[in-house]
Amino acid sequence: MALQAAFIVPHPPLIVPAVGRGREEEIRTTIDAYDEVARQIAELAPQTIIVTSPHATAYQDYFHISPGTSAQGDMRRFDARDSELTCTYDAELADRIALLASAEGFPAGTDYERDPSIDHATYIPLYFVDKFYRDYELVRIGLSGYGPIKHYHLGQLVAKAVDELGRRAVLVASGDLSHKLTADGPYGFSPDGPVFDELVCKALGNGDFLSLMTADPGLCERAAECGLRSFQIMAGALDRTPVAAELLSYEGPFGVGYGVACLLPSGPEGSDPDRAFGKAYEAWHAADMERCRAGEDA
């Protein structure tokens, strides 16, 4: 069974009223789009929600999948009391992803957990989903220091595990965009911030996942982005799958870009060879390396 849908969402702590204390109204467009995502998830009624999170346990050379049967989290680090959230893990699906990874020597699994608590980049999507739907289990996956193709392939393994177990599942790729949109923002301004956000929003709006793979690493670093690798996992989970893509909202009033997007499969999984973005990226990367060598030899 293919993924039912994938969604891109941000994770600003102040979007939670207990943290924002009224300032969340300054990103009302994002809140409304988030609620729309949550309503769509409720209508799909998935058994499992898979969240890829930039703030879950992460390693340079390993993708950590949260183990166990349940976890808790809260927003107390952001000075919000009475904000506890509890979720049940889909341990069978997490173990299946880890098994598929192990079978091919891919660096992903449920080992090396450092902090079992729910991080805020996972908490915030679940906070919105829980308004409308609670009959689900969770798989939480961290990012790594690897490049685009490994993040993409992890997404392929996620989709394969979902298919093998026949799960009704959606993937929620949590990630903010640039953190350098305004001079008075937490990280200051870089002209590359708006450039990066425009690239990602365009890619999400038209389903051009190759642009998410080939984004200039220098641009990404200068923009101080957060979610790109999360989005690359999402792209891999929809490998060769036709999608109806819609950018629901974008804004960045606090100097950080918040994008919300919906990616709905519009045809059978694996039926569109033109959307084999992993293979397209490898061809692009090989050509890029050849251009570099040619330039060095000139």
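Let's start at Ala244, which touches Cys262, Leu263, Leu264 and Ser266, leaving aside residues up to four places away in sequence; contact here means heavy atoms within 4.5 Å. What you're looking at is a predicted model, where local features need pLDDT of at least 70 and side-chain atom pairs count only at pLDDT 80 or more, while totals for chains, interfaces and linings use all residues. Residues are numbered from 1 along each chain as its sequence is written, and side-chain values use heavy atoms, with hydrogens and water left out.

Ala244 sits in strand 9 (residues 243–251). Helices (H or I, at least four residues) and strands (E, at least two) are DSSP runs, numbered from the N terminus. With 42% relative accessibility, Ala244 counts as partly exposed; buried is under 20% relative accessible area, exposed is over 50%, and partly exposed lies in between (1.4 Å probe, protein chains only). From Ala244 to Arg167 it's 77 residues in sequence and 21 Å in space, C-alpha to C-alpha.

Now hop over to strand 7 (residues 137–142). Five of its six residues are buried, so strand 7 is largely enclosed by the rest of the structure. Strand 2 (residues 48–53) runs parallel to strand 7, joined to it by six bridges; two strands pair if DSSP finds at least two bridges between them. In this pairing, Thr48 stands opposite Glu137 of strand 7.

Next up is helix 5 (residues 148–165). Its 18 residues reach 26 Å from first C-alpha to last, close to the 26 Å expected at 1.5 Å a residue, where the expected span is 1.5 Å times one less than the number of residues. Buried residues in helix 5 include Pro148, His151, Tyr152 and Leu165. Just past the end of helix 5, Gly166 takes a positive phi of about 65°.

What does helix 5 pack with? Helix 3 (residues 91–103) packs with helix 5 at about 125°, their axes 9 Å apart. (Axes are lines fitted to C-alpha atoms, for helices over the stretch in contact, and angles run from 0 to 180 degrees between N-to-C directions.) Helix 3 and helix 5 are therefore oblique to each other; under 35 degrees counts as roughly parallel, over 145 as roughly antiparallel, 65 to 115 as roughly perpendicular, and the rest as oblique. Among the residues making this contact are Leu93 and Ile97 of helix 3 and Leu157 and Ala161 of helix 5.

Finally, the axes of helix 2 (residues 28–44) and helix 4 (residues 120–132) come within 8 Å and cross at roughly 60°. That makes helix 2 oblique to helix 4.
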